[in-house]
Amino acid sequence: MHERLADKEPPRVRLANTPTRGHWLRYGEKLGTKIWIKRDDHTGSELMGNKVRKLEYLMAEALQQQATHVITCGGEQSNHARATAFAATQLGLKSSLILRTDNPDQPPAATGNILLDRLCGADIRWISRPAWKDRNRLLAEEAERIKTAGGRPYIIPEGGSNALGSWGYLRAMRELVEDLAGIAAPDHPVTVVYACGSGGTGAGLVLGWKLLGLQALGIRVAGVNVCDDKPYFVDAIGKICGDFEERWQLDARVTPSDIDIVDGHVGLGYAKSRPEELETIRDVCRTDGVVLDPVYTGKAFHGLVQELKKDPKRFGSAVAFLHTGGMFGLFAPNAITV
Ligand SMILES: Cc1ncc(COP(=O)(O)O)c(C=O)c1O
């Protein structure tokens, strides 16, 4: 890591199989654009995806604080909640998950990520969609309950998306510099495109991009939001970057114009798929043997394809698509038909 950053880097516990590899997609040739893919879906099996990179720092802090339990929250098929539950179990801690569902009195069947949550012994509390707005209070209440029972809780926010977690993608950006050597150049810019769900991955990438001066190497970063909208994520990512700069006294000077969010591809809403998004997932799988998920990577990739059809140079000479995982979501009921 860059010297100035290495001095400030907080403790990390090794959980992910990194550096991850990358390769070109034949699918890009179909579109007449070069698309390279970074396989962060290979960061692990139980721990697969982007969340484990954030968890390396979050779990290190939990261990430092001698936590006995980690608590987090998410949607019912949350990849983050599953990765947190496994990271906790692998490190000998217990996990408590607050998961959002339509009817908490009739929790969903144990399929996909839920099956894995249960398999590794996570304690699950189901909450309704209206209760989700109170998630931070519910996390605090759960922490109190654990304390009363004699445990030491550590709370991880939604998506692991805070300043500490963002170190995960700051570190990944360092890998990307090596990955893209020989591909990106000032006169051949390459954009790292990622699915944006709670902003933590984006914050880490943008911080890395600024702090490592990657504009000068012809590297750019753009997120395709899979929920909410551009103003929401410019604000959310900006806040995480601001907290990061304050906590580690690193002057990244991230401004709203540094945060490129490609809006307009949320479609039917978070975790709701349109037939054309599922068609793109099938098409990529049949062309390259790469599995995207319907909620994050498939939706973002479909958005990327639409943008490239409109303007093949929107992202420069080539795209570096970050595959952030999510495959277990395919095993939720009715996620995709083949
Ligand atoms: C597979 C996958 N990709 C992308 C994301 C989005 O990452 P972030 O929440 O850091 O924006 C998530 C989680 O939300 C995810 O599970």
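This is a predicted model: local features need pLDDT of at least 70, side-chain atom pairs count only at pLDDT 80 or more; totals for chains, interfaces and linings use all residues.
User: Why is Ile261 called buried?

Analyst: Buried means under 20% relative accessible area, exposed means over 50%, and partly exposed lies in between, with a 1.4 Å probe and protein chains only. Ile261 has 3% relative accessibility, so Ile261 counts as buried. The residue is found in strand E9 (residues 260–262), where strands (E, at least two residues) and helices (H or I, at least four) are DSSP runs numbered from the N terminus. Contact means heavy atoms within 4.5 Å, and, not counting residues up to four places away in sequence, Ile261 touches Tyr194, Cys196, Gly223, Asn225, Lys230, Phe233, Val234 and Ile237.

User: What makes Asp228 partly exposed, and what makes Arg253 exposed?

Analyst: Asp228 has a relative accessible area of 43%, and therefore counts as partly exposed, whereas Arg253, with 57%, is exposed. Asp228 is found in the loop between E8 and helix H9 (230–248), and Arg253 is found in the loop between H9 and E9. Phi of Asp228 is near 50 degrees, a positive value in a residue other than glycine, and phi of Arg253 is likewise near 50 degrees.

User: How do you know that strand E2 is largely enclosed by the rest of the structure?

Analyst: Five of the six residues of E2 (residues 34–39) are buried, so this strand is largely enclosed.

User: What makes E2 a partner of E1 and of E10?

Analyst: Two strands pair if DSSP finds at least two bridges between them. E1 (residues 22–24) and E2 pair in the antiparallel sense over three bridges, with Gly22 opposite Lys38 in E2. Six bridges join E2 to E10 (residues 318–323), and these strands run parallel; Ile35 stands opposite Val319 in E10, and Ile37 stands opposite Phe321 in E10.

User: Why do E1 and E9 count as edges of the sheet?

Analyst: The open sheet of six strands has the order E1-E2-E10-E7-E8-E9, with mixed pairing. E1 and E9 each have a single partner strand, so one side of each is left without a neighbour in the sheet.

User: Why is H3 called oblique to H4?

Analyst: Axes are lines fitted to C-alpha atoms, for helices over the stretch in contact, and angles run from 0 to 180 degrees between N-to-C directions. Angles under 35 degrees count as roughly parallel, over 145 as roughly antiparallel, 65 to 115 as roughly perpendicular and the rest as oblique. The axes of H3 (residues 51–64) and H4 (residues 79–90) come within 10 Å and cross at roughly 45 degrees, which makes H3 oblique to H4. The contact is made by Lys51, Leu55 and Met59 of H3 and Asn79, His80, Ala83, Thr84, Ala87 and Ala88 of H4.

Methods
Residues are numbered from 1 along each chain as its sequence is written. Side-chain values use heavy atoms; hydrogens and water are left out.
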